[in-house]
Amino acid sequence: MANSLTSWLTLSITRGVRILVVATLAFILIRILKALTTRLVQISKSPTRVSVLREQQTRTMAGVLYSVGTAVIVAGAILTVLPEFGFNVTPVAAVAAVASLAFGFGAQTLVKDLINGFFIIFEDQFVVGDVIQINQETGRVEHVTLRRTVLRNVNGAMVTMPNSLIGQVANLSRDWSQVFVDVTIPAEQATGTALALLENIAGDFRGDAAWSPALVDGPRVLGVESLSLDGTVLRLQVRASLNRRDDVARELRRRIRMAFEESQIPLGATHKVQWQGHAPSSERQ
């Protein structure tokens, strides 16, 4: 009886030591993985704009790598300690393989989410902080995982979109953004005078020290864009720095409005109707 008790205690201590060693190794591996992913983000930090974008991409990839790596380490540790409790790992592994196969067939949308999410992150299509347009929805990227992308749209709403539904992506936060400003003058107005005035406005705008940092190219007067019943449409093009497109366009329109008012050049067209003969009298009920 004593020998049996001694053997049981020895076996229990041995198993406990093995479980403790496995748990310790898993904890150490998770800490190492955390340190490596944090180090990757630290290395990518730099004050330049390109490096800031790279840091955002690295931070997103590091988060995904840490989550997946942690799940793999924990699963491996559980499978390793199962024999210490008398479980046979081979049937468990076989069941897990069959379950994963069935899961793959039954959750094809989820698998597609994960695959698309992987390529979104790997190809650097967008990262957290970018303003993008997806499926007629425009907003700032708040969160990216392998399964979903979360946007904050212009109304402040959080929009969650599965990665499998993401097709064509328009990234509005890379390098520069562009806007066209159209000015309509009456058809009888001299086009050359209006174009010359727009050139002066564009030159003053480019030379303004308060706005030149927000400009990448232009404003440039492209010329006559179209002819219509409303008048002659003149077009300007301007390329602005990231997230400054709307500010630049508003300021340019304000300057155009003020300059045209000072020069007494009307904007748009006023339609006049002239009666010939006697005006029709109103009918009385």
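Before you click anything, a cut-off to keep in mind: a residue is called buried under 20% relative accessible area, exposed over 50%, and partly exposed in between. Also remember that you're looking at a predicted model.

Stop 1: Select Phe118 and Phe119. Are they buried, exposed or partly exposed? Phe118 has 45% relative accessibility, so it counts as partly exposed. Phe119, at 38%, counts as partly exposed too. A ring pair is described by the distance of the centres and the angle of the planes. The model holds two aromatic pairs, and Phe118 with Phe119 is one of them: edge-to-face, 5.4 Å centre to centre, with 75° between the planes.

**Stop 2: a charge over a ring.** Now show Phe180 and Arg235. The charged end of Arg235 sits over the Phe180 ring, 4.9 Å from the ring's centre.

**Stop 3: the largest nonpolar core.** Next, pick Leu198, Ile201, Val248, Ile256 and Phe260. Out of 24 residues in this core, these touch the most other members. Colour the elements around them: β6 (177-185), α5 (191-207), β7 (215-228), β8 (231-240) and α6 (245-262) each bring at least two residues to the core. Which element gives the largest share? That's α6, with six residues.

Zoom in on Ile201. Leaving aside residues up to four places away in sequence, Ile201 touches Leu252, Arg255, Ile256, Ala259 and Phe260.

**Stop 4: another core.** Finally, select Ile120, Val141, Val159 and Met161. They're among the twelve residues of a second, separate core.

Notes: Residues are numbered from 1 along each chain as its sequence is written. This is a predicted model: local features need pLDDT of at least 70, side-chain atom pairs count only at pLDDT 80 or more; totals for chains, interfaces and linings use all residues. Side-chain values use heavy atoms; hydrogens and water are left out. Rings of Phe, Tyr and Trp (its six-membered ring) pair if their centres lie within 6.5 Å; planes under 30 degrees apart count as stacked, over 60 as edge-to-face and the rest as tilted. Buried means under 20% relative accessible area, exposed over 50%, partly exposed in between (1.4 Å probe, protein chains only). A charge sits over a ring if NZ of Lys or CZ of Arg is within 6 Å of the ring centre and within 35 degrees of the ring normal. A nonpolar core is a set of buried Ala, Val, Leu, Ile, Met, Phe, Trp, Tyr and Cys residues joined through side-chain atoms within 4.5 Å. Helices (H or I, at least four residues) and strands (E, at least two) are DSSP runs, numbered from the N terminus. Contact means heavy atoms within 4.5 Å.
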